[in-house]
Amino acid sequence: MRTRWRRRARAARWPAGMGIAGWRWLRRSRRVPRRRLRSGALPEADRFPHHDGDRTQGARQGVGPTFQRRYIVQITGSPLSPGELISLVGADLNAASPVEVAVFDKTSGAARRLEVGDEYVVHMPGPWNCPVRVVEQTPESFRFATLRGHMEAGEIEFRVAEGREGGLVFMIESWARSGDRLAELLYAKVGIAKEMQLHMWSHFCMRVAALSGGRVVGEIEVQTERKEVPGTERRRGPVGRAVEAVFVRGFTLAARRLRDRPLHPKGLVVDAALRLHGTSQRWGVPLLDDQAELHGKARLSRAIGLPSALPDILGLALRWTLPNPETDDLETVDLLLATSGRTILGRHVLRPMNRWSPAFYGSLLAYRVGDRRVLLGAVARGTRRAPADLATLARALDEQPLLFDLMVATEYGPWERFGELRLTGPAHNDEREPMRFNPTLRPVPELHPAGLFQQIRGTTYAAVQQASPPHESRGAVRRKTRTPPRMRREYAELHRRRLNFDPRQYNMDGPEKGWHVDDYRQQLPPEPPGPPIPGGSWEVARRLTRNYEYADPTIIRRILRSGPPAPGRDMLLEARFYGLPFYLGLRVGGVVDTTIEENGRRARVWGWNYQTLEGHLERGQMSQEVRKWLDTGEVEFHIHVFSQAASASHPVVRLGFLLFGRYMQLKFYKRACRRMKALTVQGLYRRQAFSTAEDRKSKSNVQ
């Protein structure tokens, strides 16, 4: 009876408590600095702690992405030791908890003392009572594991340590996922649960500082790292599929009718320089945090192509290159901006303009950084107006550069400057060699597209590409052209040639004196655990591998063969090195199509290898495989190469290969991996767009 009345009293108190919590959140909690966990914490997030036991609800039982979070407060002037403070907190958790929204009730274990095995129920507003159990305790910390019925699945630890410069450091650290779909909706989509959690634990940290008898140094620091779990991506619902179908069918039809891109058909290409200096906070994104100068190209265009006297939506497309820290190679990055508003609502709305400058260009759609959503923008500076027609813009750029302030903001936060963009002439149109930008295939590192319309944009872009393939820079697309007579003659003679090395004499999996052994692995979009799914990442990558489509078309211009890979089948490649053509003869050594077991894990594998023939610039074998690990659903592309330079008869060829051969080899392998990933993503988008169109067509036929 007493328990029933206690529950009724709490239920009556929740409305007032939520009002108090909302007021405290507005005044204090929402302003708490937030940043991402970086490098050193990422491996820890990969190895989530897990304690087994009756009714425990570990991260594996949760839904959605996993989060590692830290709430840290520095305390000075406390007479307590770390052990004394953590004992004081554990003896009465409600002394630190914001009881207007969270009350700890001990349901198992001795009162006024916290021990391993004790259980609590955290009473909160809404459909959850959150049960937890003490699973670990040290003299300076204790840890809870969530039990069945909790809104989260994982563990949370409370600990106190001595600070580097004296004083105490109190930290709450959690490793968890949402417990069910409703909790994920309220946390990741709506954000109410995330802000309530932020208020609860930041208030807890402030109360612990007060209980210690000391005072807070600086501000509470909140650190978060998010990690997607392979195979847990949710499929879009009927509304999302309907919206996607409208965009895909509409833009595809327009591309076919116009025989060109349906938006931003004409534009000017200019040189671009980005000077980055970072912001007052760290985002965990190199573009926003680093101090650097980057160079690339920019394209300014009118979206609809209305007469210059009329306002139009103006576009600013940027492309630059960044060094990849993992491969020491350069990767291309695209960013698309368009004229929009700057206010909280206006930043999501396109705004027609009749001048290039002054104006505001925004990303319109949000990107995910950790557990926050951000938007990018550029403010065109200038005391004089630059009318929004291309001819006037070209003349203006000949006279002086066009300057922009690069900006970043959270969805509801103020804009903050992180760099400068400088556009310089001479400007030229791209009608002869159109530049096509694709932020889905060339994303900004650590900026992840967020929301339905970002996903729709990727699918729509792929569908438009299929309807009207983009004309990128010369040689970027391997076109079907007439095979040169010389190449036909070379191919006809391949069956007479022998291998230029004996594979039986070497262990091609290990080091051999005078030989290079190169091994590259590229992670591809994951699938759910189990066998490969029809039309999934593994099947798309297998087709690309079988057709040798991952080869960089700027290096391998033509491929001549009689069919798909089969043992003993010959193929001839036309390669270009610094403008010079070379014909490279190859013979397929073997094809792999099986399930293997490696280190206790099973993987579905398809691949093949080829070996070099007489007259090739190299000697050796290259293997290419697509693997899917059945336990996790991870899909990867694997290249393994055993090679050395062949003896060339021409002295110029020998000198050229000595100087540039090894560089071109590594360049080809790295680009092959990146191209495989990009083409796999593009293939998945195309299949998804085609499937959506077929579903709609079948439904209309039924009706």
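1. Contacts along the chain. Among contacts in the protein chain between residues at least 6 apart in sequence, 66% join residues at least 24 apart; contact means heavy atoms within 4.5 Å. The model is predicted, so local features need pLDDT of at least 70 and side-chain atom pairs count only at pLDDT 80 or more, while totals for chains, interfaces and linings use all residues. Residues are numbered from 1 along each chain as its sequence is written, and side-chain values use heavy atoms, with hydrogens and water left out.

2. Overall content. The protein chain has 12 helices and 28 strands. Helices (H or I, at least four residues) and strands (E, at least two) are DSSP runs, numbered from the N terminus. Of the 703 residues, 50% count as buried; buried means under 20% relative accessible area, exposed over 50%, and partly exposed in between, with a 1.4 Å probe and protein chains only. The chain exposes about 35,200 Å², and carbon and sulfur atoms supply 52% of that area. Accessible areas come from the Shrake-Rupley method with a 1.4 Å probe; for residues, only the protein chains shown count as cover.

3. An open sheet of 7 strands has the order 22-28-27-26-25-24-23, with antiparallel pairing. Its edge strands are strand 22 (516-524) and strand 23 (556-561), each of which pairs on one side only. The twist averages 25 degrees from one strand to the next. Two strands pair if DSSP finds at least two bridges between them. Within this sheet, strand 25 (residues 580-598) and strand 26 (residues 601-612) run antiparallel and are joined by 12 bridges. Arginine 587 stands opposite glutamine 611 in strand 26.

4. Helices on the sheet. Helix 10 (residues 485-492) packs on the sheet and touches strand 23, strand 24 (570-577) and strand 25; its direction makes about 140 degrees with that of strand 24. Helix 11 (residues 537-546) lies across strand 22, strand 23, strand 26, strand 27 (618-629) and strand 28 (635-645), and runs at about 10 degrees to strand 26. Axes are lines fitted to C-alpha atoms, for helices over the stretch in contact, and angles run from 0 to 180 degrees between N-to-C directions.

5. Cysteine 673. This residue lies in helix 12 (residues 651-702). Is cysteine 673 buried or exposed? At 4% relative accessibility, cysteine 673 counts as buried. Leaving aside its neighbours within four places in sequence, cysteine 673 is in contact with Tyr520, Gln522, Phe637 and Ile639. The C-alpha atoms of cysteine 673 and alanine 551 are separated by 8.9 Å, although the two residues are 122 residues apart along the chain.

6. Strand 7 (residues 152-162) is mostly covered, with 8 of its 11 residues buried. Strand 7 and strand 8 form a hairpin with 5 residues between them, where glycine 166 in the turn has a positive phi of about 85 degrees.

7. Aromatic pairs. A search of the whole structure finds 22 aromatic pairs. Rings of Phe, Tyr and Trp (its six-membered ring) pair if their centres lie within 6.5 Å; planes under 30 degrees apart count as stacked, over 60 as edge-to-face and the rest as tilted. Phenylalanine 104 and tyrosine 120 form an edge-to-face pair, at 6.4 Å centre to centre and 80 degrees between the planes. Phenylalanine 104 lies in strand 3 (residues 103-108) and tyrosine 120 in strand 4 (residues 119-123), so the pair ties together parts that are 16 residues apart in sequence. The rings of tyrosine 506 and tryptophan 515 have centres 4.7 Å apart and planes at 55 degrees, so this pair is tilted. Tyrosine 506 is partly exposed at 21% relative accessibility, whereas tryptophan 515 is buried at 10%.

8. Aromatic cluster. Which residues form one aromatic cluster? They are Phe104, Tyr120, Phe142, Phe144, Phe158, Phe170, Trp201 and Phe204. Phenylalanine 104 is buried, at 7% relative accessibility, and tyrosine 120 is buried, at 6%.
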